[in-house]
Amino acid sequence: MSSSLVAYEDSDSETETEKTEVPQAFGTQISSQRSSVSCGQHFAPGSLGTKSTYEMHPMENSGSSGTSTVCEDPPELYAQNNNTDLTSPYSRRAYPGHAALSMPYRNYEQTSSSSANSGNGVSQKRIHKDSATTIKGIRPYIPKRLRQESSSTPETKEPDQRGSSDCDVKLGVLGEQTSRKISELIKPYLGSKYKSTEVPKSLIFYMSKHSGPVNEIQWCPVREQSHMLLSASMDKTVKVWDAVDTGCCLKTYSCHSCAVRAAQWSSCGRRILSGGFDSTLHLTDIETGKQIFSSKTEFRISALKFHPTESNIFLCGGFSPEVKAWDIRTSKVLRVYKAAVQQTLDILFLPEGREFLTSTDAVSRDSADRTIIAWDFQSAAKISNQIFHERYTCPSLSLHPKESVFVAQTNGNYMALFSAQRPYRINKKKRYEGHKVEGFAVGCEFSPDGTLLVTGSSDGKVFFYNYHTSRIIRTLSAHKEACVSAIFHPVLPSLLATCDWAGEIKIWQ
C-alpha cells in the first residue's frame, strides 16, 4: 500500500483545510483538520494549521508588558517533520486487527500542561517539545524479564539525601576535624622509620563515653591520620576518638540495633566496617555517616577482616559454621568457607592474603580438633585443621610484623606461637603465660618493631612479654574490669591504647 503527500500552497489569508490519513508506527491513522494559528497560542485540538511561508509569528502575551517571544519551531514544520498532524485526535481509526491509541492528544496535553499557566509562553513551548518527543520518539520494546527485574529493583536515593539506612552521627567537640588534620605530634615521625618500642609508664587520656563494654579498638591505618582511634561497644555504637592530641570523642555512629562486636578501618582510613549481634554489616563513611555498603546476614557477627591486598573484599564470620567473603563493589558474597563448627572467634590473613586462619570453638574432650583452621582464599579449600591440638579455644590471633609466625591467645591463660608457613607447626619452646583470660575475648598484639608482645588480662592488667625470650617485662595495672584489648600506635613509639569490659578506654605513654 503506497501513499503520497501533497503540499498545498495558499497565498491568501483564508484557511484551506486538508484531510489526510497518515499511517502511524502503532498501526493507527490520524485524520486531522489543518487550520492556521499563531505560534503564541496553545496547540489545542483543531487549532494547528499550515502556512506556505513557514513564518514564525510573535507570541502575544496579554499578561506581560507587550514583549514578544518567538517559538523554536512553527507548528506546521513540527507536523511535517513528524509526518503527522495533531489537529483532530477524535477522528482516529485503526487498521483491521489493530487497536487504536487509547489516550487522545487532548488528555496528554492536559497532563503535560497541568503544572503551567495557560497564558504563559514558556508553558506553551514546553507543550510543543513534549508533544514532539512523544510522537516522534518510539519507545523500544523491553522484554518481560527485564521489565520484571527493573520493577523489583529498589529505587536509589540521591547521594545528597539522607536515607533510612544512614547512620545517626553525633559530633563531638572537634567532630568536624575527623580526618582533615595531621597531628603535630605525629608529623615529626612521618618521614622516618619506626623506632624501638618502649613500655609505656604513665596515663595520658581517660575516655569513658561508652555505656557498655568495649569489644574492640583499632588505630587508623593511614599514618597521617593515625591520631584517630576506632572503638566498638556493646552499647550499639561505634566511636572515633582523637586519642593523640585531645582525648575527645570526634564522632559517634549509631548504625546497629544490637551490640557491635567487630569493627575495622578500611585501608584508605575514610570508612568503617562494622558488624554485630543484629546480624547486619555496615560500611560507613566517617565524614557523612552514609551507608556505602549494608547487608543482612543469617548469623550474628563476631569477626571481620579486610583482605590485605584487595581493599574491596573482606571476610565475615560469627555464630555460624560459615565464613563468607564479601565484595563491597557488588554487595554480594564471593565465596563461602564452611566447617563443622558452631562459631568463628577470629580471622587472620597470612602475608599476601592467599591463605587465612580462623579460630573456632570446636573442642572435644581430649583434643581441640579444628580449633584453628587454615584456608585457601581462592579455592575455599581447607589446607589444615590439625594445627592446635590442645583443648582450649583461641579467642584472638595476631601476626608478627616481620617474621613468618603468628600467635594465638588461648583460654588456657597462655599464648601459643605458630609458624605462618605450612604445615603451621606450633613452637613448643615458647609459651607466653602469666596473664588470665578466663572466658573473655582478650586480644593480643605485637609491637610494630616485633620486639614486644602485649596482651590484656581478665584481672584488668596489661602484660608486656619479650618476644624472643617469652618473659614478662612489665605489668601495668590499667583497669578495674577485664582488659580485653591493648594495641600499640603504628607511628608513635610507646603509645598504647587499652580498653576494658566497663566501657573505658585509656591512652598510655
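Okay, Lys239 and its contacts. Setting aside anything within four places in sequence, Lys239 touches Lys209, His210, Leu229, Leu230, Ser231, Cys249, Lys251 and Thr252. Keep in mind this is a predicted model. Lys239 sits in strand 8, residues 238-242.

So what is the nearest side chain of opposite charge to Lys239? That would be Asp235, 5.5 Å away. Lys239 is buried, and there's no salt bridge for it. What Lys239 does have is a polar contact of 2.8 Å, side chain to side chain, with Thr252.

Next up, strand 19, residues 355-360. Here 6 of 6 residues are buried. In a regular strand, side chains alternate between the two faces of the sheet. On one side of strand 19 you've got Glu355, Leu357 and Ser359, on the other Phe356, Thr358 and Thr360, and all of those are buried.

Who are the partners? Strand 18, residues 344-349, pairs antiparallel with strand 19 over 5 bridges, and strand 19 also pairs antiparallel with strand 20, residues 372-376, over 5 bridges. Look at Thr358: it's the bridge partner of Ile347, and over in strand 20 its partner is Ile373.

Last one: an open, antiparallel sheet of 4 strands, ordered 26-27-28-29. Strand 26 (444-446) and strand 29 (472-477) are at the edges with a single partner strand each, so one side of each has no neighbour in the sheet. Strand to strand, the twist averages 15°. Strand 29 pairs with strand 28, residues 461-466, over 5 bridges, and there Tyr465 stands opposite Ile472.

How values were computed
Residues are numbered from 1 along each chain as its sequence is written. This is a predicted model: local features need pLDDT of at least 70, side-chain atom pairs count only at pLDDT 80 or more; totals for chains, interfaces and linings use all residues. Side-chain values use heavy atoms; hydrogens and water are left out. Helices (H or I, at least four residues) and strands (E, at least two) are DSSP runs, numbered from the N terminus. Buried means under 20% relative accessible area, exposed over 50%, partly exposed in between (1.4 Å probe, protein chains only). Lys and Arg count as positive and Asp and Glu as negative; His and the chain ends are not counted. A salt bridge is a side-chain nitrogen of Lys or Arg within 4 Å of a carboxyl oxygen of Asp or Glu. A polar contact is a pair of N or O atoms within 3.5 Å; within protein, one must be able to donate a hydrogen and the other to accept it, and residues adjacent in sequence count only if both atoms are side-chain atoms. Contact means heavy atoms within 4.5 Å. Two strands pair if DSSP finds at least two bridges between them. Axes are lines fitted to C-alpha atoms, for helices over the stretch in contact, and angles run from 0 to 180 degrees between N-to-C directions.
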